[in-house]
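Here are some notes to read alongside the structure, meant for someone opening it for the first time. Have the view ready and follow the points in order.

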Amino acid sequence: MYEAVHAHPDGDATVARYAHTAASYGFDGVVVRNHGDARADYDAERIREETGVDVVHGMEIRADDPSQASGYVGNYRGDHTLLLVHGGTNAMNRFAVEQDRVDVLAHPMRGDGDVNHVLAKAAVEHGVRLEFDLSRVCRLSGGGRVQALRGLRKLAELVDYYDAPFVVSADPTSHLQLRAPRELAAVGEIIGLGEERIREGLAEWGRLAERNRERQSESFIEPGVRRGRYEEDA
């Protein structure tokens, strides 16, 4: 199982610190999901040798509008194992689920964002994983937590009905916000998502990384250029 993290300077902990903590919690890997304007500097191979934790090179694209996001996808797809789009608005959510080259729509229910049957079906068609973002459930209280619960439950219904692909993350910005898989599974039970869905969503990060690494090794031409393999799904 993997967790997807924001490392320094996008968060408060280094990638190495995350990996050491993740190892103690029983994770197999971490996905570095920093936003494009706050990229982390790290040696993934050295960290893996020291901790036994796989470090996946990712990016979470944050853009003002779909047009800007489209340019970022073109620029960064070839250089990253996993590419996420920062959701939370209807326009960005719709853009992300319609892109074959996007792996994950991050926190789609945050802010003014929503997911409906049209977006769920598009996610299935294009193989874009919808993220169950547990951060607000784990770290908020009161009205914010209630709203987050409502959004996650709606997302769960759509994922179940359309058999849409998904991932799970607590979206930590510090190693202190990491939660062991068993703790996240317990959260899933409490909020009605279920332990099985939580564990499956944590494991999906690793499956995605393995798939994309294989595609990149087979079809690399030059940075940003692939032989059309991103239109397929494993």
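**Notes on the sheet and its surroundings**

1. Start with strands E6 and E7, which pair in the parallel sense over 4 bridges. Within that pairing, Glu 131 sits opposite Val 167 of E7. Keep in mind that this is a predicted model.

2. Now zoom out to the whole sheet. It is an open sheet of 7 strands, with parallel pairing and the order E1-E2-E3-E4-E5-E6-E7. At the edges you find strand E1 (2-5) and strand E7 (166-169), each of which pairs on one side only. On average, neighbouring strands of this sheet are turned by 30° against each other, direction ignored.

3. Go back to strand E6 (residues 129-133) for a closer look. Is this strand enclosed or open to the outside? It is largely enclosed by the rest of the structure, because 5 of its 5 residues are buried. As a reminder, in a regular strand the side chains alternate between the two faces of the sheet. In E6, Arg 129, Glu 131 and Asp 133 point one way while Leu 130 and Phe 132 point the other way, and all of them are buried.

4. The other neighbour of E6 to check is strand E5 (residues 104-106), which runs parallel to E6 and is joined to it by 2 bridges. Here Val 104 has Arg 129 of E6 as its bridge partner. To get from E5 to E6, the chain passes through helix H5 (residues 117-126), and this β-α-β crossover is right-handed.

5. While you are at H5, pick out Ala 123, which lies in that helix. Ala 123 counts as buried because its relative accessibility is 0%. Which residues does Ala 123 touch, leaving aside those up to four places away in sequence? They are Val 97, Val 128, Leu 130 and Pro 165. As for Val 104, its C-alpha is 9.3 Å from that of Ala 123, and the two are 19 residues apart in sequence.

6. Elsewhere in the sheet, strand E3 (residues 54-61) and strand E4 (residues 82-86) run parallel and are joined by 4 bridges.

7. Last, have a look at both ends of helix H2 (residues 44-51). At its start, a side-chain oxygen of Asp 43 comes to within 3.3 Å of the backbone nitrogen of Glu 45. After H2 comes Gly 52, with a positive phi near 80°.

Terms used. Residues numbered from 1 in each chain as written. Predicted model: local features only at pLDDT ≥ 70, side-chain atom pairs only at ≥ 80, totals over all residues. Heavy atoms only, no water. Pairing = 2+ DSSP bridges. Axes fitted to C-alpha atoms, helices over the stretch in contact; angles between N-to-C directions. Buried < 20%, exposed > 50% of the residue type's maximum accessible area, 1.4 Å probe, protein only. Right-handed = clockwise from strand over helix to strand, strands pointing away. Polar contact = N/O pair within 3.5 Å; in protein donor to acceptor, adjacent residues only side chain to side chain. Contact = heavy atoms within 4.5 Å.
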